[in-house]
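Open the model in your viewer and keep the sequence panel beside it. The tour below goes from one selection to the next and says what is there.

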Amino acid sequence: MINIEIDGKRIETENGTTVIEAAHKAGISIPHFCYHKKLSIAANCRMCLVQVEKAPKPLPACATPVTEGMKVFTASEQAVKAQKGVMEFLLVNHPLDCPICDQGGECMLQDMSVGYGGGASRYHEEKRTVLSKDIGPLVSAEEMSRCINCTRCVRFGAEIAGQMEMGQAFRGEHAEIMTFVSGTVNSELSGNMIDLCPVGALTSKPFRYKARSWELSRRRSISAHDSLGTSLAVQTKNNHVLRVLPIENEDINECWLSDKDRFAYEGLNSAERLTKPMIKQDGKWQEVEWQVALEYAANGLRHIANGAGAEQIGALATANSTLEELYLLQKLMRGIGSDNVDFRLRQSDFSADDKQQGTPWLGMPIADISRLDSVLIVGSFLRKDHPLLAARIRQAVKKGAQANIIHSVDDDLLMKVANKTIVAPDALVAALSQVAQALDAEKNGKAQTASAGAVAIAKSLSCGGCVAVLLGNFAQQHPQAAQLQALAQQIAALSNGKFGFIGEAANSVGGYLAHATPGTKGLNAASMLATPRKAYVLLNVEAELDTANPQQAIAAMQSADLVIAMSAYKHHATSYADVLLPIAPFTETSGTFVSTEGRVQSFKGAVKPLGEARPAWKVLRVLGNLLKISGFDQDTSEAVRDEALKGVDVAAKLSNTISAIDTNAVSAAGGLQRVSDVPIYATDAVVRRSAPLQATVDAATPQAWLHSEELKKLGVQVGATVKVSQGQGSVSIAAAADDKLPRGVVRVAAGHAATAALGAMFGTITVERA
Amino acid sequence: MLSDQIQANIERELKKYPADQRQSAVMAALRFVQDEKGWIAPEDMADIAAYIGMPQMAVFEVATFYHMYKLKPMGEYTLTVCTNLSCQLSGVNETLLHLKNKLGIGLGEITADGKFGLREGECMGACVDAPMFTINNKKLCGRLTGEKIDQILAELSAGGQGGKQ
Amino acid sequence: MSTPIIFNTLHFDQPWTLENYLKVGGYKALRKVLAEKMLPEAIIAEVKASGLRGRGGAGFPTGLKWSFMPRNYQGDKYLVCNSDEGEPGTCKDRDILRYNPHMLIEGMAIAAYTMSVKTGYNYIHGEIFEAYERMEAACEEARKAGYLGQNILGSDFEFDLHNHLGYGAYVCGEETALLESIEGKKGQPRFKPPFPATFGLYGKPTTINNTETFASIPYIINNGGQQFADLGVPNSGGIKLFSVSGHVNNPGNFEVPMGTPFKTLLEMAGGVRGGNKLKAVIPGGSSMPVLPGEIMMDLNMDFDSIQKAGSYLGTGAIIVMDETTCMVKALERLSYFYFEESCGQCTPCREGTGWLYRIVHRIEHGEGRPEDLDLLLDLCNNIAGRTICALGDAAAWPVQGFLKHYRKEFEYHIEHKRCLV
Ligand SMILES: Cc1cc2nc3c(=O)[nH]c(=O)nc-3n(C[C@H](O)[C@H](O)[C@H](O)COP(=O)(O)O)c2cc1C
Ligand code: SF4
Ligand code: FES
């Protein structure tokens, strides 16, 4: 520890900290622009100049390390003169038109110039103008004349997002922040540059000129679009969500927000919003009163339960429904007498269900990811599925952690990967078991017989430090998911590490806690669709986009006598449903998500439901009442939550432990195997309708990706349209080459209208010249 | 695509630096492209980025930071004239005037036949030889007089190297 | 002037060859160091005794700098030579590269031995491509002859030297910008601390010296530090190369002892052009404050004398201006230079150098205002000492110097909208 004095205040601080850090810790603010605690030190703005005893010149607080006995003066004459001088320089080429600037009211420069700027400008020369840039649909670089060249955006890209898309080109006064040859910024974290930009140079394109910051009300909320449980603020005006910003939470999202969480709100007011209950009569959709629709639904369910039997009713919900919604849904089903309820719609292997001890979860707190020394990530489109978790791992890798990958694609993770094994989906289990074998040999001094790749991964995992095996979405959706889990458990045990699942969606853990899974008599999501039911209750589900096998799902829906769709949107359900009940998305209702690390977080609605939409928990409650099921008298979502979690020790429930499972049963697939990702902006109903997100490169129409040797075999040129078929369905999409793919696979995204006519996300698939 | 010659040259430069510091060769790589093509187009920068294994934007930053890189064609022979203080004191204004008259172009321009381009440069670190210019960044011609300039231009027009040291 | 030390091969037709260098005792110092297995401390002691101060402009004692290199560091360390000479008026290093490249190689090899460094880089100013080529050839020659590479002169000492060509950025002369540039980045200076001795090239301990500094080493080893020191004056040891340019009859580089009267140097350069009257002199490269001719005529060329007169010896580059010189115009050109060469990284320099230039430009073009001169000085105070590197100071000092001694001329310009001379 080191003792220093700032403005007469004695401060004890750790060796190696900088003056600005010490000051901030002691609650003393020092003006700054380029400094940001999560970015490297640039010391280029010079705003933080302070006087240091015995130093002949003012020193930048952000870059000056503390030394024992140091005396710092942040507001002495010398310091203030230096700060004022810098402020004057910052303003000479800066447009002084705050009233029309989009950043007005939340501009660091504006705030500080009030304190440090002089009166009239002494600058009478011509001001520099910097051309506006188009860097994509999310971030506006319209007003680059306002840029103060702090390079926060550039450093963010290079250091946190992992790719240098922005740079500072040219030099001196001509220095300009831009992308290479007017390219777009494609990072899935790009929106953070908006927050980082201290001035109005980089602003939110969708939010531009929508409102002034002081006109906005703000409500704390939780991310609904991935499983991290990111803390965010929903900002509204006139009952409209106009902006979403991160709330700093070091244990979860630090100070970041993924573009998905930031811009998804643009899908909330889509023209496709369902705002009135509707029923289909004589093949025609009619808007009806709530009472009518609810009674229609209740009667329909009662009729089927009494006739064909309650087991002919199935309920499906997406994992981004709230805990309360999932809880009441299963309660309703069980009240009717059906055990068929599930929220794991993209899962295809449920054989772990009776072998699993508890609720699968991350296996460790998110914050612990930063402390890993070696990690094995199995079957994960990490960057796109979990952008901020990827960023956290990226930082860990920078500090020396080793990332090992086993997957069926080799997308650039923008971090150093120590070892990777890229194999076709049907070889995934074997690849993992090789690692287990190699670890066993390593640990027990046996001769190594495993592949060199597996041995390398095993070596990395047996480093003796903090080790984890993480199973991604792909591994969870894999037809041998249970075997992968068992192997991950074995590997974790052999390397004294932890293992867990990176949950797919906001409530991948919460769904289990809500019991939205079938009991011993019930059918899971896959069986419910494979053996069609007479009636379905859908919660937030778009059957052709949210399930493991769209073809089968749509067939099941079409053959059912009754489909009750609870949805925020009017969608494809109009072709198979009988009742559409408009429900509120997460910004319009209160609820709870349990994140992948098991953190239970409740939130309130930020705005009133649109039109006649109602929170789904209320809709389910009334349905319960209409069906005369007892226990449906909660009058707040909190009451539902408390009931759902009553007597539940969440931490004790979390467990990835799985009992012994035969891991040798590797099915040999013939022909081409399908590898499918759910693209980052296709994961749920809201993001699918966010226009700015849909305009990004990441939202491009899916293509059929093959190794170029496979393309050659098929006689197909890159860019040519091919016919991709599975089961009875086929789609025509463009062929693309990715030589990092293993042979024998074709990568075709799921969750997208362009590929919704296809079958299962895994399995054989054919590709032909169109 | 970078020509075989450029690739060979880059390989030679890469040997100067530690194996994990390939980016160190980017300045030379840009120079090789410029020497071969006369200027550096964005596609060339992208090629260099791919070859060296660095972000395209980082190549662009370098190409735009150092002023001897030409981001547009500047004639078969680019004459860069130092106009800094020692050269100014030694009559570079007359030198420039002579060049402008002789070539019929101003600073930043190229002759109609594309043969000559004129650029202003900063201190070349050869002030005792003022006034001076460089030809294609390769050859520095100092102690210029009207006569000497005429001779150099004639030689270059005839396809020669242009002036002796 | 007695026998030259650095320009000791100039009498040959091809002064730059290894053969000719050997004829004047080349590589004797390196041989001695290796044969006697001289202790690094002993070499550093000699360099300290020589009074050698960095020739790159800042005049930092070389022996002291060398002693900063961590001795027991495990891993790579680097030695870097700064041949990026681009400070207007300065052109001495070019002649070392062109005429005596082996002396530089020998000096660097000795430095590398002293600091246990295996790899060195010589960063050469982009515009002097011919000097770069010559240096490349000399390194190849030295490698073949066993002065560079592994087992140098049969010892277990290993050192290789590579040349890196700059490409038009004055700021790369600043040592940390230079390191960034070798790393293949923009030449934007780094904030210090950490200093290069702990975090230098590729993040490794690095020592950077000027070309002339290294070239002075062989003599010091051959003849002892004291003998070198004795050539000069107290606090300014040895000989020094002075580049004399501008309004002189015979501009050129001159090797003379430290402390040589300016008058003598001016004579060596053939006196003021056309017998004109001496008006002003910049004594150490364009960044150093200008001094009036009369003051200069009484000064000796050493660190202390020039500093006492209100300027700095800098790189020893002397720019001579005669009575016909318009000081506003001269400053306008210099201010343009710093504006043009600012790297754009930190605010005061990026925004301030353009502002300075535009004001001086206005004054020169008859659009000056009476308050401009005080504004200029205030801006200088807001730039100098507030930037990441000394380019900010380098931009401010000329303005302050010109205004200190020639304010009247500026006032005349503002008032009469034309030149006094
Ligand atoms: C803007 C700027 C330009 C510089 N240019 C040079 C240069 O061209 N050559 C040089 O040797 N030192 C130059 N320096 C000084 C170097 O930073 C450094 O002090 C020097 O290379 C150290 O070598 P020395 O101790 O042998 O003098 C410059 C410094 C600044 C701030
Ligand atoms: S655009 Fe904003 S964040 Fe980027 S350098 Fe400019 S002011 Fe800083
Ligand atoms: S905050 Fe310290 S220099 Fe910018």
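**Start on a helix of chain A**

Select A452(A), which is found in helix α12 (residues 452-461) of chain A. The model is a predicted one. A452(A) has a relative accessibility of 65%, above the 50% cut-off, and therefore counts as exposed.

**Aromatic pairs and charges over rings**

Next, show the side chains of F343(A) and Y512(A). How far apart are the ring centres of F343(A) and Y512(A), and at what angle are the planes? The centres are 5.4 Å apart and the planes stand at 90 degrees, so this is an edge-to-face pair. The angle is over 60 degrees, which is the cut-off for that class. Over all chains, the count of aromatic pairs comes to 31.

For a cluster of rings, select Y17(B), Y78(C), Y121(C) and Y202(C), which are linked by ring pairs.

Then go to two places where a charge lies over a ring. In chain A, K331(A) is over the face of F632(A), at 5.5 Å from the ring centre. In chain C, pick R134(C) and W16(C): the charged end of R134(C) is over the ring of W16(C), 3.5 Å from its centre.

**Ligand 2**

Centre the view on ligand 2, which sits in the second largest cavity. Which residues are closest to ligand 2? They are C147(A), C150(A), T151(A), C153(A) and C197(A), out of 14 residues that surround the ligand. Colour the shell around ligand 2 by class, and it divides into 11 nonpolar, two polar and one charged residues.

Stay in chain A and select N149(A), in the loop between β7 (139-141) and α4 (152-161) of chain A. The phi of N149(A) is near 55 degrees, a positive value in a residue other than glycine. With a relative accessibility of 2%, under the 20% cut-off, N149(A) counts as buried.

**Chain B**

From the N terminus on, the order of elements is α-α-α-α-β-α-α-β-β-β-α. Along the principal axes, the C-alpha atoms of chain B fill a box of roughly 50 × 30 × 25 Å. Chain B has 165 residues, of which 58% count as buried.

Zoom in on N137(B), placed in the loop between β3 and β4 (139-141) of chain B. Phi is positive here too, near 60 degrees for N137(B). N137(B) is buried, with a relative accessible area of 5%.

**Two cis peptide bonds**

Most peptide bonds are trans. For an exception in chain B, select A130(B) and P131(B), which are joined by a cis peptide bond with omega at about -10 degrees. P131(B) lies in the loop between β2 (116-121) and β3 (133-135) of chain B.

Finish in chain C with K192(C) and P193(C), where a cis peptide bond has an omega of about 0 degrees. P193(C) is found in the loop between α8 (175-182) and β4 (206-210) of chain C.

How values were computed. Residues are numbered from 1 along each chain as its sequence is written. Chains are lettered from A and ligands numbered from 1 in the order in which they are written. This is a predicted model: local features need pLDDT of at least 70, side-chain atom pairs count only at pLDDT 80 or more; totals for chains, interfaces and linings use all residues. Side-chain values use heavy atoms; hydrogens and water are left out. Rings of Phe, Tyr and Trp (its six-membered ring) pair if their centres lie within 6.5 Å; planes under 30 degrees apart count as stacked, over 60 as edge-to-face and the rest as tilted. A charge sits over a ring if NZ of Lys or CZ of Arg is within 6 Å of the ring centre and within 35 degrees of the ring normal. A residue is near a molecule or strand if one of its heavy atoms lies within 4 Å of it. On a 1 Å grid over the protein atoms alone, a cavity is a set of points where a 1.4 Å probe fits but cannot get out, and a pocket is an open set with protein on both sides within 12 Å along at least five of seven lines; lining residues have an atom within 4 Å of a point. A molecule sits in a cavity or pocket if more than half of its atoms lie within 2 Å of its grid points. Ala, Val, Leu, Ile, Met, Phe, Trp, Tyr, Cys and Pro count as nonpolar, Asp, Glu, Lys and Arg as charged, and the others, Gly among them, as polar. Helices (H or I, at least four residues) and strands (E, at least two) are DSSP runs, numbered from the N terminus. Buried means under 20% relative accessible area, exposed over 50%, partly exposed in between (1.4 Å probe, protein chains only).
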